[in-house]
Amino acid sequence: MMEIEGVAGAGGSMLSDIYQSSKKLLLKTRDGLERLERLESSTSSASVDSPELSFAIKGDITQLQSLCVEMDHLWRSVAVKSQRALWKRKVEQIAEESESLKESLDKYFSRHQRRMLEAKERAELLGRANGESAHVLRIFDDEAQAMQSARNSTRMMEEAYLTGVAILSKFSEQRERMKVLKLHLYKSLLKNEGILLESQKIVSLAWE
C-alpha cells in the first residue's frame with residue numbers, strides 16, 4: 001500500500017495515520033461480512049445466525065464512517081493542491097467502500113428477518129397440539145425482539161458517535177478561525193504601531 005509522501009504538518013500526519021487505520025478496518029470488515037455470508041449460505045434455517053459477528057461488523061462500519069468524516073475534514077487542509085486532490089480521491093474511495101459494505105449488511109439483516117417471518121408462518125400453519133406451537137412462536141418472537149432491540153441500540157450508538165464527531169469537527173473549525181482572527185489582530189496592531197511611530201517622527205521633526 002503506497003503512502004503519499006511529503007504531506008506537511010501535523011494535520012497531514014494525522015490524515016495519513018487515520019487513512020492507514022481505515023484501510024485495516026476496511027479489510028477486517030470485508031472479511032467478517034464474507035464469513036457471515038458463508039454462514040448464511042451454508043444453512044437455510046432461520047435460527048442459525050451469528051448475532052455477535054453481524055453486530056460487530058455493524059459497529060466496524062459505523063467506525064469506518066466516522067473515520068471518513070474526520071478524513072473528509074483533514075484532506076481539505078492539505079496545503080499542496082496536487083496532494084489535496086489525491087487525498088480527496090483516496091478518502092472518497094474509502095467512503096464508497098464503507099457505504100457498499102453497509103448496504104450488503106443491511107441486505108443480510110433483511111434476508112434474516114424475512115427467513116424468521118417465514119419460519120414463524122410455517123410454525124403457525126403446523127398448528128401443533130399441546131401448546132407446542134405456542135412455545136415455538138414464542139421462541140421466534142423472542143429472537144425477533146432481541147434482534148430489533150440490538151439494532152435500536154446500535155443505531156443509538158451510531159447517532160451518538162456521529163454527533164460527537166460533528167461537534168469535535170465544529171470545535172476544530174472554530175479553533176482555526178480563532179487562529180486566523182488572532183493573526184489579523186496581531187498584524188493590525190503592528191500596522192497601528194507603525195503609524196503611531198511615524199506620527200511621532202513627524203511631530204518631532206515639526207518641533208525641530
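Two residues are in contact when heavy atoms of theirs lie within 4.5 Å. With that term in hand, one may begin at a single residue of this predicted model. Once its neighbours within four places in sequence are set aside, L53 is in contact with G32, R35 and L36. L53 itself belongs to helix α2. The C-alpha atoms of L53 and L36 are 7.2 Å apart, although 17 residues separate the two along the chain. L53 has a relative accessibility of 18%, and it counts as buried because the limit for that class is under 20%.

The wider plan of the chain may now be considered. It contains four helices and zero strands, so that the order along the sequence reads α-α-α-α. Of the 208 residues in the chain, 28% are buried. The chain exposes about 14100 Å², and carbon and sulfur atoms supply 58% of that area. Among contacts with a separation of 6 or more, 77% are made by residues 24 or more positions apart.

Before the details are read, the confidence of the prediction deserves attention. The mean pLDDT of the chain is 75, and 51% of the residues reach 70 or more. Among the elements of the chain, α2 has the highest mean pLDDT, 92, whereas helix α4, which covers residues 132-207, has the lowest, 61. Over residues 1-8 the pLDDT stays under 50, and the model has 14 contacts beyond four places in sequence for this stretch. Where pLDDT is low, the predicted coordinates should not be read in detail.

D60 counts as buried because its relative accessibility is 11%, which is under 20%.

Another salt bridge is formed by D31 and R35, and here the closest N and O atoms are 3.5 Å apart. Both residues lie in helix α1, four residues apart, which is about one turn of the helix. D31 has a relative accessible area of 38% and is therefore partly exposed. R35 has a relative accessibility of 39% and therefore counts as partly exposed.

Because E40 lies in helix α1 and R115 in helix α3, the pair ties together parts that are 75 residues apart in sequence. Both E40 and R115 are buried. Salt bridges that share partners join E40, R111 and R115 into one network.

Helix α3, which spans residues 81-126, also contains K90. K90 is buried because its relative accessible area is 15%, which is under 20%. The side chain of K90 makes a polar contact of 3.2 Å with the side chain of Y19. K90 and M71 are 19 residues apart in sequence, and their C-alpha atoms are 9.7 Å apart in space.

Aromatic residues complete this survey. The whole structure contains three aromatic pairs. One aromatic cluster is formed by F55, Y108 and F109.

Definitions and conventions:
Residues numbered from 1 in each chain as written. Predicted model: local features only at pLDDT ≥ 70, side-chain atom pairs only at ≥ 80, totals over all residues. Heavy atoms only, no water. Helix = DSSP H or I, 4+ residues; strand = E, 2+ residues; numbered from the N terminus. Buried < 20%, exposed > 50% of the residue type's maximum accessible area, 1.4 Å probe, protein only. Polar contact = N/O pair within 3.5 Å; in protein donor to acceptor, adjacent residues only side chain to side chain. Salt bridge = Lys/Arg side-chain N within 4 Å of Asp/Glu carboxyl O. pLDDT = per-residue confidence, 0-100. Phe/Tyr/Trp six-rings, centres within 6.5 Å; stacked < 30°, edge-to-face > 60°. Areas by Shrake-Rupley, 256 points an atom, 1.4 Å probe, with all protein chains shown as cover.
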